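Please look over the sequence and the model shown here before reading on. The paragraphs below are meant to be read beside them.

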Amino acid sequence: VLIFFLVFFGTISLILLIPFAIWGLIILSKQDKISYTETESRLLEEMKSSVLYNQVAKDILDSAIQKSKEEGTYQLPTTLGDMIVANQRTGSPEIDVIIESVYLKLPTKRKDGVNNQDIKNWWNLTDVERKIIEHQDQITIIANMMSEIENKGRTEEEAGRIIHQNFPFYGDPTDTSILKGPDRPLPIELKSRINQYFSNLNIDLLRAELSNYSSLNAFIRKEIKAGNL
């Protein structure tokens, strides 16, 4: 699932979501109309079928494509995950530096339960797909954070605590500058498996269970260690 919202914690209204989607976009420079690949056309249709307005969906896709091209990662192969698992080199300095960088971090990621299939699921996506997924996560978290503050009168600290209990946070699991212990960021490679896991849970039981944990990340880490996820 490319556009993942934890709908069991409440759907974000269009009025709230759209301004943050626009705010989070990279400003596109003047350019000719972007031609989409088959994968990008499919992504656009998927976003249009979600809560996003058609133009916002197109802007997000165009922004992801432009950012990917600017960073020189647009042409990364969709077998990158297989190459990372095998520590395979391609002869392309641009690709090999990414393979080496991710491969060196795998021991740490594996301590959080990342397996070879997780690596392939994430890194075999196109770079544009990965950027869209990450951008959608940012939109969701920011929108819900602001909703807690502006609509429910919570402080930033209170809102942050609620967000951490209701949404998974991904990033560098060794980064403890904000979240520590089991609340630390989860490896992004776990995202697909976590999405599937939550889609099969009883929502009421989950809410009750989460009240015993400091964050959703802590709950996820417990489930991984127990072999349930």
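Predicted model: local features only at pLDDT ≥ 70, side-chain atom pairs only at ≥ 80, totals over all residues.

Residues are numbered from 1 along each chain as its sequence is written, and side-chain values use heavy atoms, with hydrogens and water left out.

The secondary structure of the protein consists of eleven helices and zero strands, where helices (H or I, at least four residues) and strands (E, at least two) are DSSP runs numbered from the N terminus. Of the 229 residues in the protein, 45% are buried; buried stands for under 20% relative accessible area, exposed for over 50%, and partly exposed for what lies in between (1.4 Å probe, protein chains only). Among contacts in the protein with a separation of 6 or more, 67% are between residues 24 or more positions apart, a contact being heavy atoms within 4.5 Å. The protein exposes about 12300 Å², of which carbon and sulfur atoms supply 52%, with accessible areas taken from the Shrake-Rupley method with a 1.4 Å probe and, for residues, only the protein chains shown counting as cover.

Over the whole structure, a search finds 17 salt bridges, each defined as a side-chain nitrogen of Lys or Arg within 4 Å of a carboxyl oxygen of Asp or Glu. One of them pairs Lys-120 with Asp-82, whose closest N and O atoms are 3.7 Å apart. Because Lys-120 belongs to helix α6 (residues 116-123) and Asp-82 to helix α4 (residues 80-86), this pair ties together parts that are 38 residues apart in sequence. Lys-120 is partly exposed at 26% relative accessibility, and Asp-82 is likewise partly exposed, at 31%.

Which residue of helix α9 is paired with Asp-118 of helix α6? The partner is Arg-193, and the closest N and O atoms of this salt bridge are 2.4 Å apart. Since Asp-118 lies in helix α6 and Arg-193 in helix α9 (residues 191-199), the pair ties together parts that are 75 residues apart in sequence. Both Asp-118 and Arg-193 are buried.

Leaving aside residues up to four places away in sequence, Arg-193 touches Gly-113, Val-114, Asn-115, Asp-118 and Leu-229. The C-alpha atoms of Arg-193 and Val-114 are separated by 9.6 Å, although the two residues are 79 residues apart along the chain. The side chain of Arg-193 also reaches the backbone oxygen of Leu-229 at 2.9 Å.

Arg-161 counts as partly exposed at 42% relative accessibility, whereas Glu-157, at 62%, counts as exposed. Elsewhere, salt bridges that share partners join Glu-71, Asp-127, Arg-130 and Lys-131 into one network.

One backbone detail remains. Asn-87 has a phi near 55°, a positive value in a residue other than glycine. Asn-87 is placed in the loop between α4 and α5 (93-111), and at a relative accessible area of 29% Asn-87 is partly exposed.

Conventions:
Polar contact = N/O pair within 3.5 Å; in protein donor to acceptor, adjacent residues only side chain to side chain.
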